[in-house]
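Dear colleague,

Please find below the structure that I am handing over to you. My findings follow directly after it.

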Amino acid sequence: MSAIDRPMPPLNADERTTLESWLDFHRATLAMKCEGLDDEQAAVASVPPSGFTLTGLVQHMAEVERNWFRRVFAGEQAPPIYDPQADPDGPDGGFDLAEGATLSEALAIWHGEIARARENCAERALADTGRFMEQDVNLRWIYVHMIEEYARHNGHADLVRERIDGATGV
């Protein structure tokens with residue numbers, strides 16, 4: 001039994017509740033994929049030559065949360081977390097593990113970015129916009145994109161977790 005609360009998104013709710021519930025469902029799914037792993041296990045690469053790890057994935061999703069909800073939607077000047085020299089308008093990084101990187105630290109940073117995302121969206125309408133690639137992008141589109149991003153990466157996390165200790169499902 002998981003200690004992580006992952007409620008099923010409501011089957012009959014308004015659009016905003018539906019979008020936020022699915023995003024939270026996928027966020028919780030990633031946390032569940034990491035649950036019970038130590039730092040060494042979470043740093044195991046998926047399949048050589050790939051260096052894809054669960055810790056790297058959590059770091060990446062912290063960067064993605066920061067990018068879409070802070071830089072793009074809120075217009076904040078928030079530098080990349082894991083590679084401060086990276087172009088903030090470039091692709092979201094975070095996959096590479098620095099020496100001494102830990103899963104618990106990555107999870108804490110990721111949870112912090114999720115909290116900021118929720119704050120930045122709390123009083124905003126789905127039609128409110130930020131700027132991406134010199135165009136307006138609304139919160140509705142960002143929510144859908146984030147659901148897609150998590151769903152895709154949670155599939156990767158399924159495979160990595162199964163390789164680490166045989167755990168499947170969730």
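A search of the whole structure, which is a predicted model, finds six aromatic pairs. A pair of aromatic rings is described by the distance of the centres and the angle of the planes. For W68 and F132, the ring centres are 4.6 Å apart and the planes stand at 45°, so this pair is classed as tilted. W68 belongs to helix 3 (residues 54–72) and F132 to strand 1 (residues 129–132), so the pair ties together parts of the chain that lie 64 residues apart in sequence.

F132, at a relative accessible area of 30%, is partly exposed.

A further aromatic pair is formed by W110 and Y150, with 6.5 Å from centre to centre and 45° between the planes, and this pair is tilted as well. It links distant parts of the chain, with W110 in helix 4 (residues 103–122) and Y150 in helix 5, 40 residues apart. Both W110 and Y150 are buried.

H145 is located in helix 5. With a relative accessible area of 17%, H145 is buried.

Helix 5 brings me to the packing of the helices. Two packed helices are described by the angle between their axes and the distance between the axes. Helix 1 (residues 15–34) packs with helix 5 (residues 139–165) at an angle of about 25°, and their axes are 9 Å apart. Because angles under 35 degrees count as roughly parallel, helix 1 and helix 5 are roughly parallel to each other. The crossing in which helix 1 passes helix 5 is left-handed. The residues of this contact between helix 1 and helix 5 comprise 14 nonpolar, three polar and eight charged ones.

With kind regards

Methods: Residues numbered from 1 in each chain as written. Predicted model: local features only at pLDDT ≥ 70, side-chain atom pairs only at ≥ 80, totals over all residues. Heavy atoms only, no water. Axes fitted to C-alpha atoms, helices over the stretch in contact; angles between N-to-C directions. Helix = DSSP H or I, 4+ residues; strand = E, 2+ residues; numbered from the N terminus. Parallel < 35°, antiparallel > 145°, perpendicular 65-115°, else oblique. Left-handed = near helix turned anticlockwise from the far one by under 90°. Nonpolar A, V, L, I, M, F, W, Y, C, P; charged D, E, K, R; others polar. Phe/Tyr/Trp six-rings, centres within 6.5 Å; stacked < 30°, edge-to-face > 60°. Buried < 20%, exposed > 50% of the residue type's maximum accessible area, 1.4 Å probe, protein only.
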